[in-house]
Amino acid sequence: MNQKFDELKQKLKSVDKAQIGDLMKDFERAKEDGEINEKERQELMDAAKNAIGGKDHSKGFGL
């Protein structure tokens, strides 16, 4: 796993639920910038969704 993925995963562990939307946007930017791959992005997105109750809230975050 790469450094950016590990950094984002650590942020997810300590982020407040109100900030998860912004963090999910960071996941997308990191993928677009080539810092993480699609599998890593999906793993982070799944973990974020689980952190907010397991529902698909991505549409509410503008993603």
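How many residues does helix H3 have, and how far does H3 reach from its first C-alpha to its last? In this predicted model, H3 covers residues 38–51, which makes 14 residues, and spans 20 Å between those end atoms. That is close to the 20 Å expected at 1.5 Å a residue.

Let's look at which side chains of H3 are tucked away. The buried residues are Glu40, Arg41, Leu44, Met45, Ala48 and Lys49. An α-helix has 3.6 residues a turn, so residues three or four places apart point the same way. Keep that in mind as you read along the buried positions of H3, among them Arg41, Leu44 and Ala48. Their cover includes H1 and H2.

Now turn to that pair of helices. Two packed helices are described by the angle between their axes and the distance between the axes. For H1 (residues 3–14) and H2 (residues 20–32), the axes come within 11 Å and cross at roughly 175 degrees. Angles over 145 degrees count as roughly antiparallel, and H1 and H2 are therefore roughly antiparallel to each other. On the H1 side, Lys4, Leu8, Lys11 and Leu12 take part in the contact, meeting Leu23, Asp26, Phe27 and Ala30 of H2. By class, this contact has five nonpolar and three charged residues, with no polar ones.

How far can you trust the picture? The chain has an average pLDDT of 85, and 83% of the residues score at least 70. A stretch to read with care is residues 55–60, where pLDDT stays under 50. For that stretch, the model has six contacts beyond four places in sequence.

Note on methods. Residues are numbered from 1 along each chain as its sequence is written. This is a predicted model: local features need pLDDT of at least 70, side-chain atom pairs count only at pLDDT 80 or more; totals for chains, interfaces and linings use all residues. Side-chain values use heavy atoms; hydrogens and water are left out. Axes are lines fitted to C-alpha atoms, for helices over the stretch in contact, and angles run from 0 to 180 degrees between N-to-C directions. Helices (H or I, at least four residues) and strands (E, at least two) are DSSP runs, numbered from the N terminus. Angles under 35 degrees count as roughly parallel, over 145 as roughly antiparallel, 65 to 115 as roughly perpendicular and the rest as oblique. Contact means heavy atoms within 4.5 Å. Ala, Val, Leu, Ile, Met, Phe, Trp, Tyr, Cys and Pro count as nonpolar, Asp, Glu, Lys and Arg as charged, and the others, Gly among them, as polar. pLDDT is the predictor's confidence in each residue, from 0 to 100. The expected span of a helix is 1.5 Å times one less than its number of residues. Buried means under 20% relative accessible area, exposed over 50%, partly exposed in between (1.4 Å probe, protein chains only).
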